[in-house]
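Visitor: I am new to this structure. Could you show me how to read its features, one at a time?

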Amino acid sequence: MGGLRETQEFYRLFMVPGMTHCYFGPARPASAVGQQLPPVRDAAHDVQTALERWVEKGVAPERIIATKYTDDKAATRTVRLARPLCVYPAVAQYSGSGDPNDAASFVCRGGAPAGGDDDDHDR
C-alpha cells in the first residue's frame with residue numbers, strides 16, 4: 001500500500017492558492033512558474049526544469065517559486081511578489097521576519113517530505 005512518503009517518491013502536487021483552473025483567480029496569485037521573462041530556467045523557478053531534474057537526475061522538487069508580476073501583460077514583467085509552492089499537503093507560511101513579498105521569507109509547513117516524518121517541518 002504505502003502512504004504519503006511512498007507516494008511522494010513518484011508523485012508531487014503543488015497547489016497554487018487562489019488560482020483557478022489554469023491561470024489567474026480571485027486572489028490574482030503568484031502563478032508564473034516558468035513563464036518569467038527573461039526566462040529563469042532553473043529547477044527552483046521553472047516547473048518543467050524541476051520535472052526534468054527529477055526524471056533525469058532523481059532530485060525531486062520540494063518547492064517551486066511562483067512569481068506575481070505588477071501587470072499581467074506579457075510586455076511588463078516587474079515582479080510584485082514571489083511565493084514558494086510547497087509539496088502538498090504542506091503550505092507556505094510567513095516565517096515572521098523578512099520581506100513578505102520575498103519567497104525566502106516563507107517556510108513550507110505541514111505534511112512530510114519524501115523520507116521525512118509526518119510532523120510539521122521547515123524547508
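Guide: We will take the disulfide, the ring contacts and the pocket in turn. Keep in mind that this is a predicted model.

Visitor: Let us start with disulfides. How many disulfides are there, and which residues does a disulfide join?

Guide: The general idea comes first. A disulfide is a covalent bond between the sulfur atoms of two cysteines. Here the count comes to 1 disulfide. C86 is joined to C108, with S to S at 2.1 Å.

Visitor: Which strands hold C86 and C108?

Guide: C86 sits in strand β2 and C108 in strand β4, so the pair ties together parts that are 22 residues apart in sequence.

Visitor: What is the handedness of the link between C86 and C108? And are C86 and C108 buried or exposed?

Guide: Look at the angle about the S-S bond. It is -80°, and the link of C86 and C108 is left-handed. Both cysteines, C86 and C108, are buried.

Visitor: Now the rings. How many aromatic pairs does the structure hold?

Guide: It holds 1 aromatic pair. To read such a pair, check the distance between centres and the angle between planes; over 60 degrees counts as edge-to-face. Y94 and F106 have ring centres 5.7 Å apart and planes at 65°, so this pair is edge-to-face.

Visitor: Where in the chain do Y94 and F106 lie?

Guide: Y94 is in strand β3, and F106 is in strand β4, which spans residues 106-109. The two are 12 residues apart, and the pair links distant parts of the chain.

Visitor: Why does F106 count as buried, and what does Y94 count as?

Guide: Buried means under 20% relative accessible area. F106 counts as buried because its relative accessibility is 9%. Y94 is at 36%, so Y94 counts as partly exposed.

Visitor: Which residue lies over the face of W54?

Guide: R12 does, at 5.5 Å from the ring centre of W54.

Visitor: What is the lining of the largest pocket like by class?

Guide: It has 15 nonpolar residues, no polar ones and 1 charged residue.

Definitions and conventions: Residues numbered from 1 in each chain as written. Predicted model: local features only at pLDDT ≥ 70, side-chain atom pairs only at ≥ 80, totals over all residues. Heavy atoms only, no water. Nonpolar A, V, L, I, M, F, W, Y, C, P; charged D, E, K, R; others polar. Phe/Tyr/Trp six-rings, centres within 6.5 Å; stacked < 30°, edge-to-face > 60°. Helix = DSSP H or I, 4+ residues; strand = E, 2+ residues; numbered from the N terminus. Buried < 20%, exposed > 50% of the residue type's maximum accessible area, 1.4 Å probe, protein only. Lys NZ or Arg CZ within 6 Å of the ring centre and 35° of its normal. Disulfide = S-S within 2.5 Å.
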